[in-house]
Amino acid sequence: MRAALSRPTTQQFIKFAAVGILSFAVDWALLVVLVEFAHMDFLVGTTVSFLTSVAVNYALSMRYVFDHRNDMSRKREFTIFAILSCIGLGLNDLYMFVGVSLLNIGYQAMKIIATFCVTWFNFFSRRKFLASSE
């Protein structure tokens, strides 16, 4: 039974990763533009770029990765997604602050590290709270 459960999870994670790569591209590009060209503080830029990528991620994830739960309204679905994303944003900003300000890691390198760490939280929390149990 365990093998039967792992295949859909693997396929779902691959879709999640593809959506995540696209969302990360939006996040990364906007962060660099905001910091390098708009001269925005890296933490403010991180927050703005992360929130923008969350909107892209929501639209793509709910269309291609996670099936809509019949027992949940779209409003509730988005509310849960937003709450989980806020937690992800908090983790992302914490990692960025610690990495850049305390450990002297460049913000671009730290963004890759932070994104990797937050991706695991995002997948498993969204799967638990948003995915259909069918």
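**View 1. The cysteines of this predicted model form 0 disulfides.** The sulfur of Cys86 has its closest cysteine sulfur in Cys117, at 19 Å. A disulfide requires two cysteine sulfur atoms within 2.5 Å. The separation is therefore too far for a bond. Cys117 is likewise in no disulfide, its nearest cysteine sulfur being that of Cys86. Cys117 is partly exposed, with a relative accessible area of 33%.

View 2. The mean pLDDT of the chain is 87, and 91% of the residues score at least 70. Among the elements, helix α3 (residues 74-102) has the highest mean pLDDT, 92. Helix α1 (residues 2-37) has the lowest, 84. Over residues 1-5 the pLDDT is below 50.

**View 3. Helix α3 carries a series of buried residues.** The helix has 29 residues. From first C-alpha to last, α3 reaches 40 Å, close to the 42 Å expected at 1.5 Å a residue. Its buried residues include Glu77, Ile80, Phe81, Leu84, Ser85 and Gly88. Leu89, Asn92, Asp93, Met96, Gly99 and Val100 are also buried in α3. The cover over the buried residues of α3 includes α2 and α4. Asn104 follows α3 and has a positive phi, near 60°.

**View 4. The largest nonpolar core contains 16 residues.** Phe16, Met62, Val65, Phe66, Ile80, Phe81 and Leu130 touch the most other members. Helices α1, α2 (42-65), α3 and α4 each supply at least two residues of this core. The largest share, 5 residues, comes from α2. A second, separate core has 9 residues, among them Met96, Tyr107, Met110 and Ala114. In soluble globular proteins, nonpolar side chains tend to be buried together.

**View 5. Phe16 is one of the core residues that touch the most other members.** What does Phe16 contact, leaving aside neighbours within four places in sequence? Its partners include Val65, Phe66 and Phe123. Thr119, Asn122 and Arg126 are also in contact with Phe16. Of these partners, Val65 and Phe66 are listed with Phe16 among the core members that touch the most others.

**View 6. Asn57 is buried in helix α2.** How accessible is Asn57? Its relative accessible area is 7%. Buried means under 20%, so Asn57 qualifies. Neighbours within four places in sequence aside, Asn57 is in contact with Val19, Gly20 and Ser23, as well as Phe81 and Arg126. Phe81 is itself a buried residue of α3. Arg126 is also a contact of Phe16.

**View 7. Lys111 is a buried lysine in helix α4 (residues 107-130).** Its relative accessible area is 0%. Val26 lies 85 residues from Lys111 in sequence, and their C-alpha atoms are 12 Å apart.

Key
Residues are numbered from 1 along each chain as its sequence is written. This is a predicted model: local features need pLDDT of at least 70, side-chain atom pairs count only at pLDDT 80 or more; totals for chains, interfaces and linings use all residues. Side-chain values use heavy atoms; hydrogens and water are left out. pLDDT is the predictor's confidence in each residue, from 0 to 100. Helices (H or I, at least four residues) and strands (E, at least two) are DSSP runs, numbered from the N terminus. Contact means heavy atoms within 4.5 Å. Buried means under 20% relative accessible area, exposed over 50%, partly exposed in between (1.4 Å probe, protein chains only). A nonpolar core is a set of buried Ala, Val, Leu, Ile, Met, Phe, Trp, Tyr and Cys residues joined through side-chain atoms within 4.5 Å. The expected span of a helix is 1.5 Å times one less than its number of residues.
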